[in-house]
Each structure stands twice: as C-alpha cells, then as structure tokens.
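The following report is meant to be read beside the sequence and the coordinates. Please keep both in view while going through it.

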Amino acid sequence: MKFYIIGERELVLAFRLTGIEGAVAETRTEVLEAFNRVTSRGGASSGDVPRVLILTEHAASQIEDEEIAWQKTGNFPLIVEIPGLNGRLEGKKSLSDSIREAMGVQV
C-alpha cells in the first residue's frame, strides 16, 4: 500500500526515514499544490495516486473545503490527519473521541 504525507518539514523527513514519500508544505498555496498533485485533481495517473494521504492537522486546516470535497468523492487516496509537531490543534477531536461520541460508550 502506498502512503504519502503533506506537512511540516520535520514530520515529512521523519516519514521519509520509514520509506514514505512526502511534500513539505507550510502555506495554503503549498499545501493545495501538493494536495492537487497527489490526487487525480492534479492530473496524476491512477497508478501514481497513493492509497492513503497523511495530512498534518495544520496542513489540513488550510484546505478544509478541498479536503471535504475530496472525501465526498470516495476516491483514493483516503485522508488521515495526524497531529503536528506542536500537538493537536485546539478544537480538534482525536479518533478515539470521535468513536466514543459515535458509539456513546467510553472504552
């Protein structure tokens, strides 16, 4: 399975050590260009599109509308958000919090 990360330089470098390619992007323009390049929106052939796109929360917060529109298509890559170097952004729920809320049960 092919993964790709878009985010801050340090995280992208750390993921590269594990063999995951990525793009360093800190501004909205950089994040959007990388996002479009990775998804078929940027003209990538279907063989080049990763199955999972990892976005740092900071990067994802800059392209929220585009990310939601992409997720609604149901196409690959699937998008996963991870906390950045400074931890979770204020107001963001963790995956565990979302599951607890959806199930109504605390595990």
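Predicted model: local features only at pLDDT ≥ 70, side-chain atom pairs only at ≥ 80, totals over all residues.

Residues are numbered from 1 along each chain as its sequence is written, and side-chain values use heavy atoms, with hydrogens and water left out.

Buried here means under 20% relative accessible area, with exposed over 50% and partly exposed in between, for a 1.4 Å probe and protein chains only. Glu 8 sits in the loop between E1 and helix H1 (9-17), where helices (H or I, at least four residues) and strands (E, at least two) are DSSP runs numbered from the N terminus. Apart from neighbours within four places in sequence, Glu 8 is in contact (heavy atoms within 4.5 Å) with Ala 25, Glu 26, Thr 56, His 58, Gly 84 and Leu 85.

Four strands make up an open sheet with parallel pairing, in the order E2-E1-E3-E4; two strands pair if DSSP finds at least two bridges between them. Because E2 and E4 stand at the edges with a single partner strand each, one side of each has no neighbour in the sheet. E1 and E2 pair over four bridges, and Tyr 4 stands opposite Glu 21 in E2.

Helix H2 (residues 28-38) has Val 31, Leu 32, Ala 34, Phe 35, Asn 36 and Val 38 buried, and its buried residues pack against these elements, among others:

| Element | Residues |
|---|---|
| strand E1 | 3-7 |
| strand E2 | 21-24 |
| strand E3 | 52-56 |
| strand E4 | 78-82 |

One aromatic pair is counted, for rings of Phe, Tyr and Trp (its six-membered ring) with centres within 6.5 Å, planes under 30 degrees apart being stacked, over 60 edge-to-face and the rest tilted. Phe 35 and Trp 70 form this edge-to-face pair, at 6.4 Å centre to centre and 85 degrees between the planes. Since Phe 35 lies in helix H2 and Trp 70 in helix H4, the pair ties together parts 35 residues apart in sequence.
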